[in-house]
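Q: I have a model open and would like to learn how to read its features one by one. Could you guide me through it?

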Amino acid sequence: MGYESDDNSDARRPLATNEGTGWENKGGSEGSVMMSFMTMTLCFALNHGTVTAVIPLATAQFGEHLGDFSLGTLYIFYTLTALLGSTVIVERLKHKWALVMGCAVYSLYVGGMFLGVLTHDATRWVVVLVGSAFGGIAAGFLWTAQGGYFANAAKIHARYNGIAVQQANSYLGGIFATVYLALELVMKLLSSLILVWVCGDHWEGDIITGSCGSDDSSSGSAGLTPSDNASSSDSFDADHLKFEGVVWTYAVFSVIAVASAVGMAFIRTVKPFEEATGAPVVVEKKPWYRKALVATELAMSQPKIFFVGIINVAFGFASAYLNSYVTGTVIKDGLGKDKIGYFVSIIPLVATVMSMPLSKVTEMTGSKTPAMLFGMACFLTFGMVFLMTDLTTSSVSDTLGKWGTLIPIFICFGCARAVWEGPNKAVIADMFKNDSEAAFANLILQLGTTSSIAFISFRFLNSLTKEFIVVSTSTLAIFGYIIAMRMHKADQSRLLEEIDEDEEAHAE
């Protein structure tokens, strides 16, 4: 027998573990719900992992022009779909089938990159940009569907185990985050390890710092096939193996993406607890533009969302700089594009490792401010390293394109991402407890708009200008957070004064 916590009291009353839930009569149980949740988590992480592994490869594979435009296209469609289409898509398909459809459409993005490798010129542009548009559409509603499915599973888990929903959210959230980040790490490592496997006996050196063939890793142009680069019999062999490795990488990712979409079709439909028990459920009809509407209303009524959101702008510009210039130029020219997977895998690894220390610091200090300032300082440090190098040397790639310098840089970015994923979102949830949907819609708007602008505009800017933007927005994020916290404290004080006045009025 478990216990159920009343939302308005600390009292706990017994709740029969299986009686009256409605799941037994429907052929379900808490175990089957958890199994479905784990299956959803696994399929979601595999599917999304292939996408996050492909994104850093885009600029290195297709060149800055097409690579940046493809990522800009992805974020434009992501932002538009998330704000204008996600509500109606998830309402009509329901959570399970929205997840299935989202993963299937995401597969078209990975498949588009695969076809882009095999095609040329105008055809390549068409398939890559169309695939990117599909990827953005999928991302726009996939996370909304995942959030709804997660919430329903957490409620069922809480009822069966007699715990508070918040505790169930933390438990399931920990499982999801661990699997999600772990498989992102695996997918990004695969993008480099597959080339080692394809090269076989032709691989020279150790598995990490070695290379395929003895020719210069940076020879040839981005996205060209071996026949385009061939200058001799030896270089052709090396180029051919590298190209074959690229083809295998995108092929493997495409298969995993499709397989995970198929796997998602086998999860159970997890209904809200009230609906499962047969209790009447009032469903509020939400307009298709709801997220854009609530985001605008919150921005107009509570301007602190702009100040606390500057970190989202900083993250958008920093990520665009990393995924276009750092991976597409610095790593590619300094060590070879086959090493990109190793470096980008550092980010989710560090983010996972840092999550517990950051939580501990927050718990010890009773404030998220130390963690937030640390994360924003990491964004600033990341940008400053490249800016100062660009100002003082003739070649950023020659100076920083080395294992000893790039690893600490990516660790720094991983720490920044850990803060953005954890404490940053917790701060937003705390500040806007009664407007969480609107607050996170603003996060989507801030990040999506910034990333779209960054990827498209960075193609026309020199590296020094990009670095100045990253450093400037990271600096502004620090001041913006401080201002937002002061505004929030003022709002809290004003609210307490109003409560006191109401109590005094009732006492009279």
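**Reading helix packing and cores**

A: Axes are lines fitted to C-alpha atoms, for helices over the stretch in contact, and angles run from 0 to 180 degrees between N-to-C directions. Met354, Leu358, Val361, Thr362 and Thr365 of α12 make the contact with Pro370, Ala371 and Phe374 of α13 (heavy atoms within 4.5 Å). By class, these residues divide into 6 nonpolar, 2 polar and no charged. Here Ala, Val, Leu, Ile, Met, Phe, Trp, Tyr, Cys and Pro count as nonpolar, Asp, Glu, Lys and Arg as charged, and the others, Gly among them, as polar.

Q: What should I know about the model and its numbering?

A: This is a predicted model, in which local features need pLDDT of at least 70 and side-chain atom pairs count only at pLDDT 80 or more, while totals for chains, interfaces and linings use all residues. Residues are numbered from 1 along each chain as its sequence is written, and side-chain values use heavy atoms, with hydrogens and water left out.

Q: How many helices and strands are there in the protein?

A: The protein has 17 helices and 4 strands. Helices (H or I, at least four residues) and strands (E, at least two) are DSSP runs, numbered from the N terminus. Of the 508 residues, 51% count as buried, where buried means under 20% relative accessible area, exposed over 50% and partly exposed in between (1.4 Å probe, protein chains only). Among contacts between residues at least 6 apart in sequence, 82% join residues at least 24 apart.

Q: At what angle do α12 and α15 pack?

A: Helix α12 (residues 346-365) and helix α15 (residues 403-431) pack at about 50°, and their axes are 7 Å apart. That angle makes α12 oblique to α15. A crossing is left-handed if the near helix is turned anticlockwise from the far one by less than a right angle, and right-handed if clockwise; the crossing of α12 and α15 is right-handed. In the contact, residues of α12 including Ile346, Val350 and Met354 meet residues of α15 including Ile407, Phe410 and Arg417. By class, the contact of α12 with α15 has 14 nonpolar, 1 polar and 1 charged residues.

Q: How do α10 and α15 cross?

A: The axes of helix α10 (residues 310-334) and α15 come within 11 Å and cross at roughly 155°. α10 is therefore roughly antiparallel to α15. The crossing of α10 and α15 is left-handed. Among the residues that meet are Phe315, Ala318 and Leu322 in α10 and Phe410, Phe413 and Trp420 in α15. The contact of α10 with α15 has 12 nonpolar, 3 polar and no charged residues.

Q: Which residues have the most contacts inside the largest nonpolar core?

A: In soluble globular proteins, nonpolar side chains tend to be buried together. A nonpolar core is a set of buried Ala, Val, Leu, Ile, Met, Phe, Trp, Tyr and Cys residues joined through side-chain atoms within 4.5 Å. The largest one here has 125 residues, and those with the most contacts inside it are Leu99, Tyr109, Met264, Phe382, Phe386 and Phe410. Helix α1 (residues 30-84) gives the largest share of this core, 20 residues. A second, separate core of 7 residues includes Leu195, Val196, Cys212 and Tyr342. Leaving aside neighbours within four places in sequence, Phe382 is in contact with Ala318, Tyr321, Leu322, Val326, Ile409, Cys412, Phe413 and Val470.

Q: Is Ser132 buried or exposed?

A: Ser132 lies in helix α3 (residues 121-161), and at 0% relative accessibility Ser132 counts as buried. Not counting residues up to four places away in sequence, Ser132 touches Ser70, Thr73, Leu74, Tyr109 and Met113.

Q: What is the phi of Lys94?

A: Most residues other than glycine have a negative phi. Phi of Lys94 is near 70°, a positive value in a residue other than glycine. Lys94 is found in helix α2 (residues 86-118) and, at 54% relative accessibility, counts as exposed. Asp121 also is not a glycine, and has a positive phi of about 50°. Asp121 lies in helix α3 and is exposed, with a relative accessible area of 63%.

How values were computed: Angles under 35 degrees count as roughly parallel, over 145 as roughly antiparallel, 65 to 115 as roughly perpendicular and the rest as oblique.
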